[in-house]
Amino acid sequence: MIWSDFHRTKWNEATNYAWKNFTTPTVRRMFSFLTVLGKAALPRDKLKELTGLLQEMKTTYSLAKICRYDPRLRRLPSGDYDYDAEFEADDDNQIGCIPTLPLEPHLTQMMATSRDPEELRYLWRAWREAAGKPIRQKYLRFVQLSNEAARLNGFSDAGEYWRSDYEIDGFREEVEELWQKLSPLYQQLHAYVRAKLVEKYGEEVVPRRGPIPAHLLGNMWAQTWTNILDMTIPYPGRTSVDVTNALRIQGYSPLAMFRLAEEFFTSLGLEPMPQTFWQRSMIQKPTDREVVCHASAWDFCNGRDYRIKQCTEVNMEHLVTTHHEMGHIQYDLLYRNQPFIFRDGANPGFHEAVGDVLALSASTPRHLQSVGLLGNVDDSYETDINFLFAMALDKIAFLPFGYLMDQWRWEVFSGDTSSSNLNSRWWELRLGVQGVSPPVPRTEQDFDPGAKFHVPANVPYVRYFVSFVVQFQFHAELCKAAGHEGPLHRCDIYRSVKAGRLLRNVLSLGKSRPWTEALSVLTSGRTNKLDVEPILEYFGPLRTWLESQNRGELIGWRENEAIVLQVTRSNASLITGAVLAVIALVLLVALV
Ligand SMILES: C[C@H](N[C@H](C(=O)O)[C@@H]1CCCN1C(=O)[C@@H](N)CC(=O)O)C(=O)N1CCC[C@H]1C(=O)O
Ligand SMILES: [Zn+2]
């Protein structure tokens, strides 16, 4: 049936009042979800266009490849690379550039391990040329259709539709308030890491008081910084919790990593992975076909078929991701007996938190030692700080990125950000919130958000910010249930059936009750709100240490000290390096 405006109006009227008077709260709750049609409310032709655009954007992202770095790349007088010449030539393949390097595992590995700023700068830009830029126009049309669908569901735009998943008014303000409370800790970490990167690369690459160039942080999007632990670890030579070498030396396979993660869940009395999981999951990158390598977990909604798709590499980062993805499956299993409409996370952040909560225990030096992945572990202050610092490179470094991704998208959906400032607004947020800068000039020809999986795949992102706050609330409560005494960061709930029972009680609810009630169950009624106290308690000792280390450093960054002056690319070739250096010098003298 073609949805005419008449039919749609009648459907909206019918669905908008009748059920609201039902007396049974659970039935009313079911209808509140069932009456939101999502994209299905679109007329057939527009629905077809929307799904087509989504598929095309995801395919571009998953198939994007770049050329190998060549140090002989021509350099501009400004010291920048003559990428235009390089890429124009590439387009005709005149200089033998054949794009062969995919994001996983190649570019991910190179961004993690290269310590050559020029190679990193090349990789950073080439990935955005191949993955983000090509989908800019498609994304703008996709936003239009997404907003049309949202309006047909009674929302003002797609951003309001996304935020409705959290079922509270003022969610946007709540997230802003949480970030304001967490930002000072982030700035301390940022200042310390920046100082270490100045030591490593020099001030001409890393401005001592400016933002950190995004290509130097060990990750394609600078979203977590764990891969530069080797350059920044507080007490080198003391215990380090990066067990990548141990995993490899001990001959761990991806399957063994999955079994290790599963054993943590079952040690709490939680569900083992079903037989079909082991038969049907894809846990290694196949060699015979192209796949979407970005790790993901799938519930096939029949109570039996659950799978993970992951191009697993044997390293610590993937061991943590394995716990993350298995946490989704565990949640799917625990609410599989709920009515279908309630088989979902209490809110999306809960779903993202489950696996990470267990990983908080599994990553402790004591736990890694108990599974034979870490040798000598002492209870010294230095080991504590090294561990907390490694955890902060993951959990604290991530917070501004987890926050700004949907700040940017909510503004795009609401129209506050449009095609005229689509990319520059992204960099305003990256500079202002995260204190990172682009290593090469950016213009509105580029589309850098499009080079991050969740934008072409249209997966909301504030869920991860919520998860990184709520997972520490879970950790604190489960540690209490497990009878842990001592600092929160040393807690390991491994084998605590009491902790497992509490987790099961909360997660089995699915979406049958508002997440605020699930939080009440978790905290035995102490709170039903997102609360930054547990994460601040966990990182308390590190914060004190950072503040003492950072004495004399500027906390925060001067945004106009980005090393790459925001000139359009065409001008850059005209400005000689000398002039640029003079400008930079004058700026520095003026600012000191
Ligand atoms: C590696 C992880 N992959 C996602 C996830 O597991 O959340 C995948 C892709 C998008 C949704 N998804 C799913 O699997 C969902 N089907 C899960 C569910 O809703 O049940 C990911 O994207 N992460 C982890 C940390 C931050 C973020 C990142 O890497 O930026
Ligand atoms: Zn997830």
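Let me start with the shell around ligand 1, whose residues divide into six nonpolar, seven polar and three charged, where Ala, Val, Leu, Ile, Met, Phe, Trp, Tyr, Cys and Pro count as nonpolar, Asp, Glu, Lys and Arg as charged, and the others, Gly among them, as polar. This is a predicted model, in which local features need pLDDT of at least 70 and side-chain atom pairs count only at pLDDT 80 or more, while totals for chains, interfaces and linings use all residues. Residues are numbered from 1 along each chain as its sequence is written, ligands are numbered from 1 in the order in which they are written, and side-chain values use heavy atoms, with hydrogens and water left out.

Staying with ligand 1, the largest share of its shell, three residues, comes from H14, a helix in the DSSP sense (H or I runs of at least four residues, numbered from the N terminus). As for polar contacts (pairs of N or O atoms within 3.5 Å), a nitrogen atom of ligand 1 is 2.7 Å from a polar backbone atom of Ala-295, and an oxygen atom of the ligand is 2.7 Å from a side-chain N or O atom of Tyr-464.

Turning to the zinc ion, ligand 2, its donors (N, O and S atoms within 2.8 Å of the metal; water is not among the atoms, so the site may look incomplete) are His-324 (NE2), His-328 (NE2) and Glu-352 (OE), at 1.9 to 2.0 Å. Because His-324 lies in helix H14 (residues 316-334) and Glu-352 in helix H15 (residues 348-362), the pair ties together parts that are 28 residues apart in sequence. Both His-324 and Glu-352 are buried, that is, under 20% relative accessible area with a 1.4 Å probe, protein chains only.

Terms used
Donors = N, O, S within 2.8 Å, 3.2 Å for Na, K, Ca; no water. Helix = DSSP H or I, 4+ residues; strand = E, 2+ residues; numbered from the N terminus. Buried < 20%, exposed > 50% of the residue type's maximum accessible area, 1.4 Å probe, protein only. Polar contact = N/O pair within 3.5 Å; in protein donor to acceptor, adjacent residues only side chain to side chain.
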